[in-house]
Amino acid sequence: MGASVQERGSRPTPEVSRTMSTSSREMSARAGQEPATTVGDITARDPVMTVRNANVHYGETHAIKDVSLDVGRNEVIALIGPSGCGKSTFLRCLNRMNDTIESARVTGDFRLDGQDIYDRSNDVVMLRARIGMVFQKPNPFPKSIYENVAYGPRIHGLASNRAELDDIVYGSLERAGLLDEVKSRIDEPGTGLSGGQQQRLCIARAIAVNPEVILMDEPCSALDPIATARIEDLIDELTQNYAIAIVTHSMQQAARVSQRTAYFHLGRLVEVGPTEKIFTNPSHKLTEDYVTGRFG
Amino acid sequence: MADAGNRSGTAPPISGGVTRARVEAGLRRRYRRERRFRLYGLASVLLGIGFLVVLFATIIGNGWSAFRQAYIRLDVTIDAAEIDPEGTRDPGVLSVANYPALLRAALLEKFPEASGRRERRELAGLLSGGAAFALRDAVLADPGIIGTTRSFWLLADDDADLYVKGRLPTGDDGEGGRLSSAQRGWLDALGADGRVELRFNRAFFTSGDSRDPEQAGIWGATKGSFFMLLVTILVAFPLGVAAAIYLEEFAPRNAWVDVIEVNINNLAAVPSIVFGLLGLAVFINFFGLPRSAPLVGGLVLALMTLPVIIIAARASIKAVPPSVREAALGVGASHVQMVFHHVLPLALPGMLTGAIIGMARALGESAPLLMIGMVAFVVEIPSGPLSPSTALPVQIYLWADSPERAFVERTSAAIMVLLAFLLVMNAAAVWLRNRFERRW
Ligand SMILES: Nc1ncnc2c1ncn2[C@@H]1O[C@H](COP(=O)(O)OP(=O)(O)OP(=O)(O)O)[C@@H](O)[C@H]1O
Ligand SMILES: [Mg+2]
């Protein structure tokens with residue numbers, strides 16, 4: 001450790017302005033010294049999604065390297081790791097959001113209920129209706145709060161009349177812990193809410209479609225402790241029906257809500273296992289450094 | 001530990017006190033530079049405003065008088081023997097009668113001293129050719145006035161009008177002058193009598209072009225421009241927006257699309273007269289559409305504005321933040337749903353602004369219209385996109401080219417009207433932008 005500190009500290013300044021491709025090459029070179037295989041059991045007892053040998057390239061950048069991981073039914077899996085290690089990228093592979101990024105190239109085997117989600121026969125619209133997503137930055141539509149939540153159910157035809165749609169909208173807002181705050185201004189723009197409220201609105205929007213898997217990318221990074229606790233309660237409640245993959249930078253949150261935890265480092269899945277084990281008795285040196293706060 | 005090592009490695013080598021001294025040393029220079037830069041900016045803005053003020057002052061100074069028109073009050077005896085010798089009161093007879101003779105008689109009665117042929121002609125020249133028509137219309141409207149003597153306000157001739165307004169240079173008296181000294185004297189006498197008046201020039205806004213400046217108006221050209229812009233917007237906006245959506249959202253990324261993109265940008269830079277030649281070759285010679293028609297003008301201007309609209313529409317589609325797209329796709333919207341439910345509503349104000357600015361440019365365009373025959377002398381008010389007409393900028397060009405002195409002020413007045421339309425359109429664009437200001 002001491003040596004590596006020395007090396008970082010004595011870096012000449014021009015290195016800061018290195019190009020992307022150089023730093024990525026350096027990244028892979030370093031990753032090469034690390035174990036190629038993941039420590040721990042990548043499988044879940046009752047998997048709803050299975051991923052094998054996932055690789056993602058953004059142009060020259062190799063953002064995800066050979067990751068294999070299961071997401072189990074009725075389980076919360078936490079993805080942790082230092083900034084830029086590829087957590088969001090991995091999450092976005094699961095509902096094919098990376099398709100929208102031109103430079104992104106995704107390879108590997110991704111299955112939802114045994115079906116290849118990248119297969120031609122599998123419709124991406126259907127896939128995204130079944131796998132909901134809450135993004136890292138809150139992104140409500142510039143429409144009313146009601147319309148934000150109602151949009152998904154409406155395009156999928158989940159409600160046959162206005163009363164049913166109202167039920168879905170108000171129910172989703174209630175479950176996301178937002179209803180009391182917005183009940184009186186349901187027709188005002190969702191973009192007028194505070195950051196934390198916007199994020200809960202996005203959660204309400206995601207659960208309104210009633211997906212089977214919910215992907216959450218740091219859903220609580222903009223929330224105060226009370227709202228965070230409410231979201232965590234919601235996650236607990238949702239596990240009864242759904243599978244949830246959540247990216248978080250808070251160890252405490254990962255420990256509180258998840259059953260399994262996966263630790264990513266420089267695009268590799270270093271270790272995965274029961275949350276308790278990862279936090280109390282990690283097998284890999286990198287995981288240990290990270291969860292004990294000696295890294296990042 | 002790692003953190004600590006990091007921090008000590010990158011800590012600034014100078015102490016806080018040194019930083020303060022150095023910043024202070026540079027601060028005055030920094031502020032001076034900023035002040036100087038602000039002054040440059042202010043100076044160029046003031047220069048721009050100065051030019052604008054000069055332009056407006058010239059145009060308004062030249063043109064404001066065209067909105068008023070001199071009228072002369074005459075007591076006209078509507079002599080039954082002259083216009084209806086048989087006393088039938090038949091409209092057919094009344095409408096072709098010799099009304100100018102009545103006016104000449106009335107003028108002579110007022111100024112009996114005008115005796116020679118030339119003097120009489122000069123006397124009659126005080127009134128516009130349109131005065132006789134006004135008299136005819138009055139008689140046709142009420143044949144009961146035949147045989148009586150009535151007082152009429154009659155349209156003055158253009159040079160008389162200029163003289164009354166004080167816009168006729170006093171120097172060009174005599175032979176080559178536009179108004180003889182006798183005519184000036186008569187006008188002065190009439191004015192002293194309270195028989196000359198400047199009134200609001202309604203005809204300027206309600207009639208078509210004319211060889212007589214006092215009877216010429218911009219309504220024909222305005223309607224021509226209106227029909228033309230209607231065709232332009234109906235053709236260019238849907239086409240432009242559709243092309244922009246396709247190129248931005250659905251087109252595959254390949255060499256063909258790159259070629260198309262480059263050519264759209266090139267098209268925006270093509271001189272407008274080239275579009276006029278294209279319109280002449282394609283719409284008139286090949287498709288056989290009528291010359292001088294607003295339809296053809298509108299199509300040509302649509303071709304000209306299309307690239308502008310496409311570029312503006314693409315820019316506003318691009319400006320829709322990717323987070324909104326991701327949000328829509330994330331709840332399972334298809335690509336088309338994302339585009340039509342979320343991207344288009346957000347991009348629409350920008351598209352409309354671009355379209356209005358394109359329209360404003362089209363409204364002020366004259367060169368391509370010359371090519372397709374919209375420069376013809378058209379008296380009639382066009383009744384539709386197929387009837388021959390001119391457009392406002394072409395009308396300005398035609399008047400500016402006319403020898404009659406009175407067209408000078410009318411040219412400026414027409415420019416004022418055109419500028420007013422352009423200002424209104426630009427204001428509409430600004431209003432649209434603010435009204436639908438995107439909030440996210
Ligand atoms: N659209 C993109 N284009 C190019 N490179 C990208 C893109 N998105 C991410 N990357 C790169 O991929 C790597 C992983 O990024 P990712 O966003 O997955 O990190 P992360 O683990 O979610 O980080 P954070 O915790 O900061 O959100 C980074 O090196 C990043 O620079
Ligand atoms: Mg991320």
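In this predicted model, A:Leu79 stands opposite A:Val247 of strand β8(A). Helices (H or I, at least four residues) and strands (E, at least two) are DSSP runs, numbered from the N terminus.

| Strand of chain A | Bridges to β8(A) | Direction |
|---|---|---|
| β3 (residues 76-80) | four bridges | parallel |
| β7 (residues 213-217) | five bridges | parallel |

From β7(A) the chain passes through helix α9 (residues 225-238) of chain A to β8(A), a right-handed β-α-β crossover. Right-handed here means that, with the strands pointing away from the viewer, the path from the first strand over the helix to the second runs clockwise.

Strand β8 (residues 243-247) of chain A is mostly covered, with five of its five residues buried. Buried stands for under 20% relative accessible area, exposed for over 50%, and partly exposed for values in between (1.4 Å probe, protein chains only). A:Ala243, A:Ala245 and A:Val247 point one way from β8(A), while A:Ile244 and A:Ile246 point the other way.

The magnesium ion (ligand 2) is coordinated by A:Ser88 (OG) and A:Gln136 (OE1), at 1.8 to 2.4 Å. A:Ser88 belongs to helix α3 (residues 87-94) of chain A and A:Gln136 to the loop between β6 (131-134) and α5 (145-156), so the pair ties together parts that are 48 residues apart in sequence. Donors are N, O and S atoms within 2.8 Å of the metal (3.2 Å for Na, K and Ca); water is not among the atoms, so sites may look incomplete. A:Gln136 counts as partly exposed because its relative accessibility is 35%.

Helix α3 of chain A also holds A:Lys87. A:Lys87 is buried and has no salt bridge, the nearest side chain of opposite charge being A:Glu218 at 5.1 Å. A salt bridge needs a side-chain nitrogen of Lys or Arg within 4 Å of a carboxyl oxygen of Asp or Glu. Lys and Arg count as positive and Asp and Glu as negative, with His and the chain ends not counted. A polar atom of the A:Lys87 side chain lies 3.1 Å from the backbone oxygen of A:Gly81.

In chain B, B:Leu386 is found in the loop between α17 (367-371) and α18 (392-400). Its relative accessibility is 51%, so B:Leu386 counts as exposed.

Residues are numbered from 1 along each chain as its sequence is written, and chains are lettered from A and ligands numbered from 1 in the order in which they are written. Local features need pLDDT of at least 70 and side-chain atom pairs count only at pLDDT 80 or more, while totals for chains, interfaces and linings use all residues; side-chain values use heavy atoms, with hydrogens and water left out.

How values were computed
Pairing = 2+ DSSP bridges. Polar contact = N/O pair within 3.5 Å; in protein donor to acceptor, adjacent residues only side chain to side chain.
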